[in-house]
Amino acid sequence: QLQLVESGGGLVQPGGSLRLSCAVSGFAADDYAIGWFRQAPGKAREGISCISSNGRNTNDAYSVKGRITISRDNAKNAVYLQMDSLKPEDTAVYFCAADVSPPTPYYCDYDTAHFTYWGQGTQVTISS
């Protein structure tokens, strides 16, 4: 059974930074792509970034492009999301999820239908 555990959320002032981590267990690291999603109160879950199983391809949503960096360390079975220049509208619960059947090692997207396993989420609050 694949399990994902997010960490690194918290309260940050506007303009600040956070680094979220997603620890994955129960599956070989190079078999899955990872997506990061967020859900703000009263809003639909939004895909914001993904990274392919081999780490060679990433894709960021327009709403966060230029402010986030996704990376992975397959030796540690971990994926990271560095977020900079944070804004109040970035306030949400952030989730990582695994796509265990990507068509190629270079492929990723953040269509929620492709993600079978989800973490419990970590709260990110941007406020002064």
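**View 1. Cysteine 22 and cysteine 96 joined by a disulfide, S to S 2.1 Å.** This is a predicted model. The torsion about the S-S bond of cysteine 22 and cysteine 96 comes out at about 75°, so we have a right-handed disulfide here. Cysteine 22 sits in strand 3 (residues 18-25) and cysteine 96 in strand 9 (residues 92-99), so the pair links distant parts of the chain, 74 residues apart. Both ends, cysteine 22 and cysteine 96, are buried.

**View 2. The disulfide between cysteine 50 and cysteine 108, S to S 2.2 Å.** With a torsion of about 60° around its S-S bond, the link between cysteine 50 and cysteine 108 is right-handed. Cysteine 50 belongs to strand 5 (residues 46-51), while cysteine 108 is in the loop between strand 9 and strand 10 (117-118), so parts 58 residues apart in sequence get tied together. Cysteine 50 is buried, and cysteine 108 is too.

View 3. Count the bonded cysteines along the chain and the pattern reads 1-3, 2-4.

**View 4. The strands around them: eleven, with zero helices.** Going along the sequence, the pattern is simply β-β-β-β-β-β-β-β-β-β-β. The radius of gyration is 14 Å, close to the 14 Å from the globule rule for 128 residues, so the chain is as compact as a globular protein of that length. Of those 128 residues, 43% count as buried. Take the contacts between residues at least 6 apart in sequence, and 62% of them join residues at least 24 apart.

**View 5. Charged side chains: 10 positive and 12 negative.** The centres of the two sets lie 5 Å apart. The accessible surface of the chain is about 6300 Å², with 47% of it belonging to carbon and sulfur atoms.

Methods:
Residues numbered from 1 in each chain as written. Predicted model: local features only at pLDDT ≥ 70, side-chain atom pairs only at ≥ 80, totals over all residues. Heavy atoms only, no water. Helix = DSSP H or I, 4+ residues; strand = E, 2+ residues; numbered from the N terminus. Rg over C-alpha atoms; globule rule 2.2 N^0.38 Å. Buried < 20%, exposed > 50% of the residue type's maximum accessible area, 1.4 Å probe, protein only. Contact = heavy atoms within 4.5 Å. Areas by Shrake-Rupley, 256 points an atom, 1.4 Å probe, with all protein chains shown as cover. Lys, Arg positive; Asp, Glu negative; His and termini not counted. Charge placed at Lys NZ, Arg CZ, Asp CG, Glu CD. Disulfide = S-S within 2.5 Å.
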